[in-house]
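This report goes through the helices, the charged pairs and the surface of one model. Please keep the structure in view while reading.

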Amino acid sequence: MSALQKLQEKIEQWKQSHEAMKAENAELKEKLSGVAGLSEAQDALTQELEAKNTECQTHEERISVLEMELKEKDEEIEKIITQVEALLA
């Protein structure tokens with residue numbers, strides 16, 4: 001498996017994880033809104049939600065970094081292909 005494929009696979013894994021966390025966050029928000037009057041439970045859910053949001057942001061940042069790396073690798077591959085074609089000509 002090439003480095004490019006590995007990066008693409010990692011990006012897909014991060015995206016799937018990110019989407020799963022978004023769904024989990026939505027569920028937590030629903031639970032939070034249904035717990036009216038129970039401030040202790042609300043505080044716990046709020047903290048959990050904040051932790052998940054932070055984790056989502058971390059994943060989004062990681063996805064951005066991986067996408068940039070993927071773009072750089074694509075450019076490097078294109079340069080190599082151009083060089084190989086020039087050598088073969």
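## Basis of the report

Helices (H or I, at least four residues) and strands (E, at least two) are DSSP runs, numbered from the N terminus. The model is predicted, so local features need pLDDT of at least 70 and side-chain atom pairs count only at pLDDT 80 or more, while totals for chains, interfaces and linings use all residues. Residues are numbered from 1 along each chain as its sequence is written, and side-chain values use heavy atoms, with hydrogens and water left out.

## Helix H2

Helix H2 covers residues 39-88. It has 50 residues and spans 72 Å from its first C-alpha to its last, close to the expected 74 Å; the expected span is 1.5 Å times one less than the number of residues.

Several residues of H2 are buried, among them Leu 45, Leu 49, Cys 56, His 59 and Ile 63. Buried means under 20% relative accessible area, exposed means over 50%, and partly exposed lies in between (1.4 Å probe, protein chains only).

## Salt bridges

How many salt bridges does the structure hold? There are 3, where a salt bridge is a side-chain nitrogen of Lys or Arg within 4 Å of a carboxyl oxygen of Asp or Glu. Side chains of opposite charge can pair when their charged atoms come close.

Lys 15 and Glu 67 form one of them, at 3.7 Å from N to O. Lys 15 belongs to helix H1 (residues 3-34) and Glu 67 to helix H2, so this pair ties together parts that are 52 residues apart in sequence. Lys 15 is partly exposed at 34%, and Glu 67 is partly exposed at 36%. Lys 52 and Glu 24 also form a salt bridge, with the closest N and O atoms 3.2 Å apart. Lys 52 is in H2 and Glu 24 is in H1, so the pair ties together parts that are 28 residues apart in sequence. Lys 52 is buried at 18%, whereas Glu 24 is partly exposed at 30%.

Lys 22 and Glu 19 meet at 3.9 Å, N to O. Both are in helix H1, 3 residues apart, which puts about one helical turn between them.

## A nonpolar surface patch

Ile 80, Val 84 and Leu 88 form a nonpolar patch on the surface, with about 310 Å² of accessible area together. Patches are made of residues with over 30% relative accessible area and no salt bridge; like charges are joined within 9 Å, and nonpolar side chains (Val, Leu, Ile, Met, Phe, Trp, Tyr) within 5 Å. Accessible areas come from the Shrake-Rupley method with a 1.4 Å probe, and for residues only the protein chains shown count as cover.
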